[in-house]
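Please read each point with the model in view.

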Amino acid sequence: MRATLIYGAGDVRVEDVPDPKIQQPTDAVVRVLRSCICGSDLWPYKSRPTTEQGDRIGHEFLGVVEDVGSDVSGLKSGDLVVAPFVWSDNTCDFCAEGLHTSCRHGGLWATDSVDGGQGEAVRVPQAQGTLVKLPVAEDSALLPSLLTLSDVFCTGHHCAVTAGVDPRTTVTVVGDGAVGLSAVLAARRLGAERIILMGRHKDRTDLGRDFGATDVVPERGEEGIERVRELTGGDGTHTVLECVGTLPALQMSLGVVRAGGTVSRVGAPQYDDAPLGFEEFMNNITLTGGVAPARAYIDELLPDVLEGKVEPGRVFDRTVGLDDVPAGYRAMDDREALKVLVRP
């Protein structure tokens, strides 16, 4: 089959790889219908050291079950399923606590001989615990929105939930990428009425307004902090959803949070030390967030997607075939595309 591999910074290729097969009785093989490129894929795209052997890449996909292992129940060939961006057994103590990203028997796609999502098919470990059946046809117009349950919409939701967003809280979202826009959508879904989106790309912030943002702040740094403070009577907002992962984004988040408020970060951190000092201590600021346990949220979010109450799939603004995935990476890296959908 064909699949995407990364060989180094800026070097993504689509090549022939072995077809996936059942290796463990808990496996399934899924033919990929839709995949996509994640903003977090851009970090290795910008920085991965060059090697002679490429690594598989991609962690978001949905598709059709083609085969299942002997220990898998509840799934059969022909089922349409979505896969969270971390596979898990959904039965261990961490999974029972809703922390599937710490599953004792789980792992990451595209590592340890597990297929990446940006390919024609995927061997799914712990298939019974990982895959969620979707009650739609293969040609459903809902597929893009359903694909966001693999990662981006669940990540935005995780950010809002861990921050404590509800109808009584004001919200600032830092970042107008797909996760930031998903966080806006999630915050509005949870009842927030005042949502300030910090972003400077008008096509993206326009979508953010459609998703529920009441204000847009294009300024960055101290200027952006001052602007949010002006909009909130000098106080800042109760919750801040940091959806970028850079130190300047975190610094802005801490600058706009209200005393006693919460900053939740879900952007993969590209720094080692968080600037939490005496000022944050004196203002009782909480820093939370982390990698989203998408499997814990899919059952909750799926009905709203199926009913059309939310349309998170609108974050996809470009579609490519599998052979054009390298061009999709370039488009996202050059800010020519918000999020690229892949149709193998």
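1. Residue S253 and its contacts. Setting aside neighbours within four places in sequence, S253 is in contact with V174, V240, E242 and V263, where contact means heavy atoms within 4.5 Å. The side chain of S253 also reaches the backbone oxygen of A249 at 2.8 Å.

2. Basis of the note. This is a predicted model, in which local features need pLDDT of at least 70 and side-chain atom pairs count only at pLDDT 80 or more, while totals for chains, interfaces and linings use all residues. Residues are numbered from 1 along each chain as its sequence is written, and side-chain values use heavy atoms, with hydrogens and water left out.

3. Setting of S253. S253 lies in helix α9, residues 247-256; helices (H or I, at least four residues) and strands (E, at least two) are DSSP runs, numbered from the N terminus. Is S253 buried or exposed? S253 is buried, because its relative accessible area is 0%; buried means under 20% relative accessible area, exposed over 50%, and partly exposed in between, with a 1.4 Å probe and protein chains only.

4. Helix α9 as a whole. Of the 10 residues of α9, 7 are buried, so this helix is largely enclosed by the rest of the structure. The buried residues in α9 are A249, L250, M252, S253, L254, G255 and V256.

5. Helices α8 and α9. Two packed helices are described by the angle between their axes and the distance between the axes. The axes of α8 (residues 221-231) and α9 come within 9 Å and cross at roughly 30°; axes are lines fitted to C-alpha atoms, for helices over the stretch in contact, and angles run from 0 to 180 degrees between N-to-C directions. The two helices α8 and α9 are therefore roughly parallel to each other, given that angles under 35 degrees count as roughly parallel, over 145 as roughly antiparallel, 65 to 115 as roughly perpendicular and the rest as oblique. From α8, the residues G221, I225, V228 and R229 make the contact, and from α9, Q251, M252, G255 and V256. By class, the contact of α8 with α9 has 4 nonpolar, 3 polar and 1 charged residues; Ala, Val, Leu, Ile, Met, Phe, Trp, Tyr, Cys and Pro count as nonpolar, Asp, Glu, Lys and Arg as charged, and the others, Gly among them, as polar.

6. Helices α5 and α6. Helix α5 (residues 152-163) packs against helix α6 (residues 178-189) at an angle of about 55°, with their axes 7 Å apart. These helices, α5 and α6, are therefore oblique to each other. On the α5 side, V152, F153, T155, G156, H157 and A160 meet residues of α6 that include A178, V179 and S182. The contact of α5 with α6 comprises 9 nonpolar, 4 polar and 1 charged residues.

7. Helices α6 and α7. The axes of α6 and α7 (residues 202-211) come within 8 Å and cross at roughly 15°. Helices α6 and α7 are therefore roughly parallel to each other. Their contact is made by L181, V184, L185 and R188 of α6 with R204, L207, G208 and F211 of α7. The residues of this contact of α6 with α7 divide into 5 nonpolar, 1 polar and 2 charged.

8. Residue D273. Where is D273 found? D273 is in the loop between β15 (257-265) and α10 (278-282). D273 is exposed, with a relative accessible area of 62%. The C-alpha atoms of D273 and C243 are separated by 17 Å, and these residues are 30 apart along the chain.

Note on methods. A polar contact is a pair of N or O atoms within 3.5 Å; within protein, one must be able to donate a hydrogen and the other to accept it, and residues adjacent in sequence count only if both atoms are side-chain atoms.
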